Amino acid sequence: MLQFIQCNEQNDQSVRDELLAGLSAAQAFTSPKYLYDALGSKLFEAICELPEYYPTRTEALIFKTHGRAIAQAIGSGSTLIDLGAGNCAKAARLFPGLQPVQYVPVDISVSFLRESLQRLQQQFPSIVMTGIGMDFSSELLLPDSVRDKKRLFFYPGSSIGNFTPEESLAFLQRIRAACDEDGGLLIGVDLVKDKAILDAAYDDALGVTAAFNLNLLRHLNHLVGTDFDVQGWRHRGFFNDKASRIEMHLEAASGQIVRWPQGERRFERGERIHTENSYKYTQRSFTDLLEQAGFRKLSFWTDPQQWFMVCHAHVN
Ligand code: AVI
């Protein structure tokens, strides 16, 4: 059985209001979710192929090496809720081991899920599949057609790092609240490591991450009618070890006046727009966060270099 549901769609005016408030702030900023228009999503896929960007392949290695132990820790028959499912490929690799009863991919737009889910349903006809279009970063109200028994929330790729620690705690608490006594979370988390490795992963030699970051300006021009000139801006991506996070910024290469229908702003040379954070954790700091959110019985799997971690957190 295959079903598609669109939940909370943000309207164009509230997107414009949110973006212009960020661009007009003393320290300009935008939410990382605006990095992902059609081209941005393709550029992110290209990032995942880069030699410098270790998270994707390291997480895949952990699932390959420890897949059996992970499936054993979780057990079969779950309601697998895939947050930020994209093309559903990562979750599909878990189906043989986990044997979920229902698969619920969630992504910002339900139309994005349609094609992959139709293909997957043909491959796994016995799994009930319910695609949901929802921005789950601020609320997690699942429709009644999602079974409430043994929910397993799947959040791979270290996307939790793109929330601030406060947002992460609130997000994990919402997941905890949406689980029954047998529920849990399977999550990928990027770990603190040598600064040179982190810096290279977010400022690669080919300039793909730079293109991904700069493409935001084209997306903003489309969404709010700004007239950003991409050529006038430079990508900055580096590890801030005090805050334990990668920071991505766009820096004005020379003085820039940016205009939009009801306003404008001048950026001096060197002034920045903060476009993304990617927090890096230690096993200890992430354990604290999970315990604070109310999870118990934690299991961890990592790679030989301890660069990345997959964690299963059970409710009881
Ligand atoms: C999606 N997210 C986990 C990526 C990250 O590593 O924080 C986004 C990214 N930004 C630059 N490179 C990749």
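Eight bridges join S7 to strand S8 (residues 245-252), and the two run antiparallel; strands here are DSSP E runs of at least two residues, helices are H or I runs of at least four residues, and both are numbered from the N terminus. Two strands count as paired if DSSP finds at least two bridges between them. Within this pair, Arg-236 has His-249 in S8 as its bridge partner.

This is a predicted model, in which local features need pLDDT of at least 70 and side-chain atom pairs count only at pLDDT 80 or more, while totals for chains, interfaces and linings use all residues. Residues are numbered from 1 along each chain as its sequence is written, and side-chain values use heavy atoms, with hydrogens and water left out.

S7 and S8 belong to an open sheet of three strands, ordered S7-S8-S11, with antiparallel pairing. Strand S7 (233-240) and strand S11 (272-279) are at the edges with a single partner strand each, so one side of each has no neighbour in the sheet. Neighbouring strands of this sheet are turned by 20° against each other on average, direction ignored.

## The eight-stranded sheet

Another open sheet has eight strands in the order S1-S4-S3-S2-S5-S6-S13-S12, and its pairing is mixed. Strand S1 (2-6) and strand S12 (296-302) form its edges; each has a single partner strand, so one side of each is left without a neighbour in the sheet. From one strand to the next, the twist averages 15°.

For a closer look, take strand S3 (residues 102-107) and strand S4 (residues 128-133), which pair in the parallel sense over four bridges. Here Gln-102 stands opposite Val-128 in S4.

## Two helices side by side

Helix H2 (residues 38-47) packs with helix H9 (residues 208-224) at an angle of about 170°, their axes 9 Å apart. That makes H2 roughly antiparallel to H9, a label for angles over 145 degrees. Axes are lines fitted to C-alpha atoms, for helices over the stretch in contact, and angles run from 0 to 180 degrees between N-to-C directions.

In contact (heavy atoms within 4.5 Å), residues of H2 including Leu-39, Leu-43 and Phe-44 meet residues of H9 including Val-208, Ala-211 and Phe-212.

## Around the ligand

The ligand has 13 residues around it, of which Tyr-53, Asn-162, Tyr-202, Glu-276 and Ser-278 come nearest; a residue is near if one of its heavy atoms lies within 4 Å. An N or O atom in the side chain of Tyr-53 is 2.5 Å from an oxygen atom of the ligand. An N or O atom in the side chain of Glu-276 is 2.7 Å from a nitrogen atom of the ligand.

Technical notes:
Angles under 35 degrees count as roughly parallel, over 145 as roughly antiparallel, 65 to 115 as roughly perpendicular and the rest as oblique. A polar contact is a pair of N or O atoms within 3.5 Å; within protein, one must be able to donate a hydrogen and the other to accept it, and residues adjacent in sequence count only if both atoms are side-chain atoms.
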